[in-house]
Amino acid sequence: NIFFDEKNASIKGLELLTDRSKGKADVSLDYTSYAQLLNMEDIQNLNLLVDSLNLFLPELTYFLPMIETMSSIQHLKNETLQLDASLQGSLKDISIDHLFANIGQNKVQLKGNVLNVMNTDLLTLNHFYLDANTHISEIKPFLPKGTLKPSANHLGKIQLSGLLNGDLKKMKFQNLVLHTQGELDAKLNGQVENILKTDKLKYQLDIHHFTTGSKDLRAFMDTLPSQIKELKTATYSGKVSGDLYKYDVDGILKSNLGDITADLLVKMNKNYTHAIYKGDVKVAQLDLQKILQNDSLGKLNAQIDID
């Protein structure tokens, strides 16, 4: 059913059906004039409901031929994109009731409010919930060749979820959770400022836990020092803040090699060739025998003031 006049347009029961693709959608638009209709940014209200769209990627290339030249997604070329969505508003203020997308081993669910979607400088997220699931093998094609080593496969399935609020000048996140099938696991709150301006990047992180281990490091390094190989798992809990050249750490690192509690400020020069340290560090049951590969050493307990 198609309706069209000088202020409204709607299509109900729009159906797509090909040999490998199918789906249904309803769409309606509100505008003040035909001229405004030609400029999507001026649309006053858009309502879109996509009901279980299954789109075979090779068929999508008929409309978007550039997909065939995107090397990072060639491993998905024979996959089917599944999409289910309900959203309303305008390009200046979109409310996403729900959006679910699935292709290959990638799944993403979104819900929330997006402002100024066509303007990166003003793009803003309000109560924006993200839940993404993928596999390390799906991430590899998007990274420079050699970034991930063969042992990265142990990370397996990866899940990232959290609630986002803010813009690219200041983005806050709550209950940001990262899970993998390896040791890597994290949960934190905080904010990041100047995301696109790395020279002015600032961050404040409240880390419930950040866990990793030597197996995770092998995902990025061909060989590890023998001392690092002894680090089976390590978990940091505490606060971290600063910028590219200053780090303020206040928390505890627990590992199979011992525990380190630190309240430490580190300042680096622009070339990272010189650092100033100030604070205190406490070590408990630090296994020097394993760390230094020296059987004559034992475990260290110490309180160190640094200035």
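This is a predicted model: local features need pLDDT of at least 70, side-chain atom pairs count only at pLDDT 80 or more; totals for chains, interfaces and linings use all residues.
Lys149 sits in the loop between α3 (136-139) and β9, while Asp222 belongs to the loop between α4 (214-217) and α5 (226-229), so the contact ties together parts that are 73 residues apart in sequence. With a relative accessible area of 18%, Lys149 falls under the 20% limit and therefore counts as buried, whereas Asp222, at 64%, is exposed.

A search of the whole structure finds 2 salt bridges, and the next selection is the pair Lys239 and Asp206, where the closest N and O atoms are 3.4 Å apart. This pair links distant parts of the chain, with Lys239 in strand β13 (residues 234-243) and Asp206 in strand β12 (residues 202-212), 33 residues apart. Lys239 is partly exposed at 47% relative accessible area, and Asp206 is partly exposed at 37%.

Now move to strand β9 (residues 157-167), which runs antiparallel to strand β8 (residues 124-135) and is joined to β8 by 10 bridges; here Thr134 stands opposite Ile158 of β9. Strand β9 also pairs in the antiparallel sense with strand β10 (residues 170-180), over 8 bridges, and β9 and β10 form a hairpin with 2 residues between them. To inspect this pairing, select Ser161 together with Val177, its bridge partner in β10.

Finally, select Lys202, Lys246, Lys267 and Lys278, which gather in a patch of positive charge on the surface. Of these, Lys246 lies in strand β14 (residues 246-255) and counts as partly exposed at 36% relative accessibility.

How values were computed: Residues are numbered from 1 along each chain as its sequence is written. Side-chain values use heavy atoms; hydrogens and water are left out. Patches are made of residues with over 30% relative accessible area and no salt bridge: like charges are joined within 9 Å, nonpolar side chains (Val, Leu, Ile, Met, Phe, Trp, Tyr) within 5 Å. Accessible areas come from the Shrake-Rupley method with a 1.4 Å probe; for residues, only the protein chains shown count as cover. A salt bridge is a side-chain nitrogen of Lys or Arg within 4 Å of a carboxyl oxygen of Asp or Glu. Lys and Arg count as positive and Asp and Glu as negative; His and the chain ends are not counted. The place of a charge is taken as NZ of Lys, CZ of Arg, CG of Asp or CD of Glu. Helices (H or I, at least four residues) and strands (E, at least two) are DSSP runs, numbered from the N terminus. Buried means under 20% relative accessible area, exposed over 50%, partly exposed in between (1.4 Å probe, protein chains only). Two strands pair if DSSP finds at least two bridges between them.
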